[in-house]
Each structure stands twice: as C-alpha cells, then as structure tokens.
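Good morning, and thank you for making time for this item. I would ask you to look at the sequence and the model together while I describe the sheet, the cores and the salt bridges.

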Amino acid sequence: PHHEINVNSKVTGLVKWIGVEKGDKVKEGQVLVRLESDEFQAQYDQQRGAAENARAYLQELQNGSRPEEIAQAQHNFDEVQATAHDDKLTLDRTKQLFAQGVVSHQALDDATARYNADQARANSLERSLQLAKLGPRAEDIARAKGQLMQAEGAAAYAKTLLDATVIRAPVSGTILERTAEKGELITAQFASSAAGGPQGSIATLA
C-alpha cells in the first residue's frame, strides 16, 4: 500500500456495531464502526435544552415588559396603596383609643406593624412598576447574550462528541486489519496492550 492509516476514535466508548471485515474495500466517509451513544445523546440534549432556555430568556429581555405585565404591576401597587390607606386609618384610631386607655399597647404595636409592612411592600411594588415600565437594562441583555453564546458553544461541543461515536473511513481504500470487536472499549486516550484492555485503534486502512 502507498499509505497505511490507523483509524482511531475521538471519544471513549463501547463498540456497538462494526460494518467491515479484513480485506473489505471502503469508500471515503463510509461508516466503519458505531459506538454506544446514549450518554453522548443525553449530554447533547441537556446542553441543547440549556441553549434554548438561554435564547428564550434573551428574547424575553429584548422584547421588554409586556403591557399585561405593566398593568399587573400597576394593579399590585394600587392594591397595596389602598390597603396601606385603610391600615393608616386603623392605626390613627388605635392611637386615639390607646391614649384613652381603651386598647392595649400590643394592639397599638400590631396596628403600627401592619402599616409599616404596607409601606415597605408599597415601596417594593413601586420599584417593580418603575422597572417594568423601563424594561431590562442594557447590561442585563449583554449578560444574557454572553450566557447564550456560552450555552450554544457547550451544545456545539456536545454535538461533536455525539457525531464522533460514528467512525467513518477517512479515505477510500482497503481494510488491512480490524482491531476492534463488538462490545470492546475503544479509547481516545489510554490504549492498553493488555488482553481485554481498551483499544486505541479501530482498524488499519490502506
């Protein structure tokens, strides 16, 4: 032969299927071996799902707040303001009754606590309403874009590992030797010369 090429695997896995024997003629790109791919498929599906979530989140930020969200934020703010108004009236009455000795100090403390809680919640909901009207900040969008790029890169890498479980002939030629058997462990890194150890090569091609 003009050239001998050892056909190796880019990933580590068990041989699931072998499509060639010694002496077979093969064409460039022909599938020689398939490795078990369930684990690689699961990793790819997980990374692809993460990328879809990141894309949806970025889209949500870029679209800004929906009118319904702004309306809901306004409703929540108006509602707590009304509650605060009622609790303020109750607090004023309780102060008068406490001054007259009609109600206990505990009743005054409870009314004060309710009104203070209303005020704190109103301040929080007012900020939420303002943010809903303003929409997301440019920094949030930029960060979401970075997260999407990272997630897409991880998905692309997982796809290359999945694709690598299908081992193809790098050139057209003849199979000189087939070194792998079904069920054997093929490794991309730690080939072993011991019997039963992981193989570093699939076949030799001329």
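Two strands count as paired if DSSP finds at least two bridges between them. Helices (H or I, at least four residues) and strands (E, at least two) are DSSP runs, numbered from the N terminus. The model before you is predicted: local features need pLDDT of at least 70, side-chain atom pairs count only at pLDDT 80 or more, and totals for chains, interfaces and linings use all residues. Residues are numbered from 1 along each chain as its sequence is written, and side-chain values use heavy atoms, with hydrogens and water left out.

Four strands make up an open sheet, in the order 5-4-2-7, with antiparallel pairing. Strand 5 (166-168) and strand 7 (185-186) are at the edges and have a single partner strand each, so one side of each lacks a neighbour in the sheet. Strands 2 and 4 are joined in the antiparallel sense over three bridges, and Ile-18 stands opposite Val-33 in strand 4.

I turn to the cores. A nonpolar core is a set of buried Ala, Val, Leu, Ile, Met, Phe, Trp, Tyr and Cys residues joined through side-chain atoms within 4.5 Å. Buried means under 20% relative accessible area, exposed over 50%, and partly exposed in between (1.4 Å probe, protein chains only). The largest such core has 23 residues, and Val-15, Val-26 and Val-33 are among those with the most contacts inside it. Strand 2 (13-18), strand 4 (31-35), helix 1 (38-63), helix 4 (138-163) and strand 8 (203-205) each contribute at least two residues to this core. A second, separate core of eight residues includes Ala-51, Ala-54, Leu-58 and Ala-151.

What does Val-26 touch, leaving aside residues up to four places away in sequence? Its contacts (heavy atoms within 4.5 Å) include Val-20, Leu-32, Ile-175 and Leu-205.

Finally, the salt bridges, each a side-chain nitrogen of Lys or Arg within 4 Å of a carboxyl oxygen of Asp or Glu. The structure holds nine of them. One joins Arg-55 to Glu-152, with the closest N and O atoms 2.7 Å apart. This pair links distant parts of the chain, helix 1 and helix 4, 97 residues apart. Arg-55 is partly exposed because its relative accessible area is 31%. Within helix 4, Arg-143 and Asp-140 lie three residues apart, about one turn, and their side chains meet at 2.6 Å, N to O. Glu-21, Arg-178 and Glu-181 are linked in a salt-bridge network.
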